[in-house]
Amino acid sequence: MGAVYYRITDSTKISRVPMKMLRSHTKTNMELTAYLADKAITHFSRQGGRGFVAALGIECKATHKHFRNLQSNQEEADTKIILHASDATSDGAMEIQVHSPDTDV
């Protein structure tokens with residue numbers, strides 16, 4: 001079976017769609033990533049306390065400040081992580097947790 005495109009919105013029914021099929025289309029993958037990043041920013045904005053940063057594509061969004069200086073067209077996540085970690089330590093971060101399924105990170 002070929003790649004299947006799913007438009008990702010609050011009403012998209014994906015509970016019975018296998019993850020491999022859901023992520024088979026590049027456009028669905030991009031929409032899903034953007035959707036989850038926006039939902040996470042909204043969730044953590046309401047929580048207060050720790051800051052949360054989501055970087056996808058050239059965009060960078062956060063709950064606690066504007067990150068225009070971290071907007072980057074660099075495609076490799078491992079390079080962007082160094083940029084974000086450096087910025088976090090300059091803001092006083094004492095601990096940084098990175099979660100990535102990317103094996104070269």
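Guide: Happy to. One term to begin with: helices here are DSSP runs of H or I with at least four residues, strands are runs of E with at least two, and both are numbered from the N terminus. Please also keep in mind that this is a predicted model.

Visitor: Good to know. How many helices and strands does the chain have, then?

Guide: The chain has three helices and two strands. Along the sequence they follow the pattern α-α-β-β-α.

Visitor: And what box do the C-alpha atoms fill?

Guide: Roughly 50 × 30 × 20 Å, taken along the principal axes.

Visitor: What share of the residues counts as buried?

Guide: Of the 105 residues, 18% are buried. The chain exposes about 8200 Å², and carbon and sulfur atoms supply 52% of that area.

Visitor: What about contacts between residues 24 or more positions apart?

Guide: Those make up 20% of the contacts in the chain that have a separation of 6 or more.

Visitor: Let's switch to charges. How many positive and negative side chains are there?

Guide: There are 13 positive and 12 negative side chains, and the centres of the two sets are 11 Å apart.

Visitor: How many salt bridges does a search of the whole structure find?

Guide: Two. As background, side chains of opposite charge can pair when their charged atoms come close. One of the bridges joins D10 and K39, with 3.0 Å between the closest N and O atoms. D10 sits in the segment before α1 (19-22) and K39 in helix α2 (residues 26-47), so this pair ties together parts that are 29 residues apart in sequence.

Visitor: Is D10 buried or exposed?

Guide: D10 counts as exposed, because its relative accessibility is 59%. K39 has a relative accessible area of 38%, so K39 is partly exposed.

Visitor: And what does K61 meet in a salt bridge?

Guide: The side chain of K61 meets that of D38, at 2.7 Å from N to O. This pair also links distant parts of the chain, with K61 in strand β2 (residues 59-62) and D38 in helix α2, 23 residues apart. K61 is partly exposed at a relative accessible area of 31%, and D38 is partly exposed as well, at 35% relative accessibility.

Visitor: Which residues gather in a patch of negative charge on the surface?

Guide: That patch consists of E75, E76, D102 and D104.

Visitor: Tell me about D102. Where is it found?

Guide: D102 is in the segment after α3 (77-90). It counts as partly exposed, because its relative accessibility is 34%.

Visitor: How far apart are D102 and A77?

Guide: In sequence, D102 and A77 are 25 residues apart; in space, their C-alpha atoms are 8.3 Å apart.

Visitor: Which residues make a nonpolar surface patch?

Guide: I96, V98 and V105 do, and the patch covers about 230 Å². I96 lies in the segment after α3 and is partly exposed, with a relative accessible area of 40%.

Visitor: Back to helix α3 for a moment. Is D87 buried or exposed?

Guide: D87, which is in helix α3, counts as buried because its relative accessibility is 12%, and the buried class is under 20%. Leaving aside neighbours within four places in sequence, D87 is in contact with K65, F67, N69 and L70.

Visitor: Last one: where does T33 lie?

Guide: T33 lies in helix α2, and it counts as partly exposed at 41% relative accessibility. T33 and F67 are 34 residues apart along the chain, and 19 Å separates their C-alpha atoms.

Visitor: Great, thanks for the tour!

Guide: You're welcome!

Terms used:
Residues numbered from 1 in each chain as written. Predicted model: local features only at pLDDT ≥ 70, side-chain atom pairs only at ≥ 80, totals over all residues. Heavy atoms only, no water. Patch = residues over 30% accessible without salt bridge, like charges linked within 9 Å, V, L, I, M, F, W, Y side chains within 5 Å. Areas by Shrake-Rupley, 256 points an atom, 1.4 Å probe, with all protein chains shown as cover. Salt bridge = Lys/Arg side-chain N within 4 Å of Asp/Glu carboxyl O. Lys, Arg positive; Asp, Glu negative; His and termini not counted. Charge placed at Lys NZ, Arg CZ, Asp CG, Glu CD. Buried < 20%, exposed > 50% of the residue type's maximum accessible area, 1.4 Å probe, protein only. Contact = heavy atoms within 4.5 Å.
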